[in-house]
Amino acid sequence: MPKLLVQAKGLSKRYGRVTALNGLDLEVEEDSVMGLIGPNGAGKTTAIKIILGLLRPDSGEVMVFDEAPWDNPDIRRLVGVVHEKAFFPAHQKALDYLRRVCRIFGVPEDRALEVLESVGLQEAWDRPIRALSAGMLQKFGIAHALIHKPKFVVADEMTANLDPQARSNLLDLVAKLHKEEKVTFLLSSHILPELSKICDSATIISYGKAVVSGNLVELYEKFAARTLRVSTDQPEVLAASIRTLSYVQAVDIDSRGLSVRVNEGDEDKLYGDAPSLAKKVGVKILGIETGSASLDELYRLVVTNAGGKTA
Amino acid sequence: MTEKRKGRAFLEIFASALQEDYRFPILELFAFLYALSSFVLAGFNLMGGAPSEELAVYSLVFSLSGLPLNIFLLLVFKNIAFGLGSDLEKGTVQTIFSYPLKRHAVLTAKLLSAIGVSLLIFFSAQMFALMILASDRILPYMHIVVLAYLANLSYPLLLAFIILFVTLLVRKGGSALVLGIVLSFLINVFSGVAQLAAWMTKSAVPLQILAVFNPAVALQSHYNAFSSIVGPIWEPNLPEVMLYVGAGYALVFFVLILSYDYFGRRLNL
């Protein structure tokens, strides 16, 4: 059994009337790259803050490296953090501040320039932090998170302010750290194609609870087998008819047609029913095939139709 | 858990707070103001006419520390409300909480910079002024000097820690500063009302209540008995004054502990 770096059970958190988390279960295995995926307001940032010990849950419990994260300096030595918005003392120079962070963690000060170089920010070493652009600040935040060579990096929207080249470089850096230094990552992002390139597992959360969680290959197999792609000239009309079928769990419309998720064992039924429904409502079916599940497709199928239910 | 590397998180967070709180020319300006107000406003006129040497020493300390204490408050309000307040508002505290240091140690490092350094400059300026201006008269009465400073500092420290607690609650530098100024004003009004009530009712109770918040009132009444037309209203003796100083600091520490408890156990970011 792989070791679990994060074990969260039944996490709930409310902000006044708003329920941010509603019994979230989350596990992050050692030596994995897990994507934490969900729509705006699904509870990703709240979950990350609880894992980092910045926020106490109303109920439920979380263990990171087998310890409670709240006010726990030992865990902070092992965890690198990239916040959605980076916050640093604005008047201090980039390299000076990172050298200070080296001294805080007790690592050689040379490491400061090393991490700046690794994120492509070496040219800005003498700039005050307030003079960094949004993208540079994001890179600086990533350099800051890596300074003490953490075993586990938690990143909330790590690539949000970066240009495509910088995103690509960063993904390469994540892959390299994971492969060469066995760093475990928990990455929250909306940019699913990027996540699918580097993640080996994912947890999709919706309405504050985990809807789907697990190894990506297994999830793809599970959902691909139960997902069919239907190409049609009038997706909206056909989708409405297909949704009436009792064995259909979810129908998602995209630019290429429909993704239809069916109950286990009912995969073949749609091949017979879809053409007759199409004929009935007067639309053309251009093709039906077993869906090639992607993270993007999985996300849309699960989140669009979950409404808080688990799949 | 892996082997712990030795860092110096506390010192570095303290140094970082110093760098943010006292960017040029804040430190230089306030040090100048402390020195200027300590030397220029020393009340030698009060010393000359004092009936006793002890009263003369108290009068000197009282006159010497009046304006510098207001400057101290100004600097501390700025450091706490704008320094710690903006750290909370902008989220810099989130970054600091990613370092291997307990929350109470983070707050201590921040307060050492915000209040400790200001106190150090205040006392340095005051001691230099006292020693240069009247060391021969001060030295035999050091216990009075210490008591006077303890009494005079209690109220500004209480205000500072109330501002700290309010800053932690509202997490907005500007709002905390405004609330602090309003609170100071209200306490000053309350102080005036208490003195007026004592004078009109010839009762010492309003003054005694006031002295719990501000023990300087008790010391002041000890040396210059608070009186109305018909005679003295309150003349606490020195042990009583010490009790009020003790009560004042109990209040100061209560608010400080409240702040630590909130920062350490309840501050959700």
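How many helices and how many strands does chain B have?

## Secondary structure of chain B

In this predicted model, chain B has eleven helices and two strands.

## Overall dimensions and packing

For the 269 residues of chain B the globule rule gives 18 Å, and the radius of gyration of the chain, at 21 Å, is close to that value, so chain B is as compact as a globular protein of that length. The C-alpha trace of chain B spans about 70 × 40 × 30 Å along its principal axes.

Of the 269 residues in chain B, 43% are buried.

## The contact between chains A and B

Chain A supplies 25 residues to the contact, and chain B supplies 28 residues. On the side of chain A that touches chain B, the elements that give two or more residues are α2 (73-76) and α3 (94-105) of chain A. Of these, α3(A) gives the most to that side, with four residues.

By residue class, the side of chain A that touches chain B divides into twelve nonpolar, four polar and nine charged residues.

Technical notes: Residues are numbered from 1 along each chain as its sequence is written. Chains are lettered from A and ligands numbered from 1 in the order in which they are written. This is a predicted model: local features need pLDDT of at least 70, side-chain atom pairs count only at pLDDT 80 or more; totals for chains, interfaces and linings use all residues. The radius of gyration is taken over C-alpha atoms; the globule rule is 2.2 Å times the number of residues to the power 0.38. A residue is buried if 20 or more other C-beta atoms lie within 10 Å of its own, exposed if 12 or fewer, and partly exposed in between; C-beta atoms are placed from the backbone. Two residues are in contact if their C-beta atoms, placed from the backbone, lie within 7 Å. Ala, Val, Leu, Ile, Met, Phe, Trp, Tyr, Cys and Pro count as nonpolar, Asp, Glu, Lys and Arg as charged, and the others, Gly among them, as polar.
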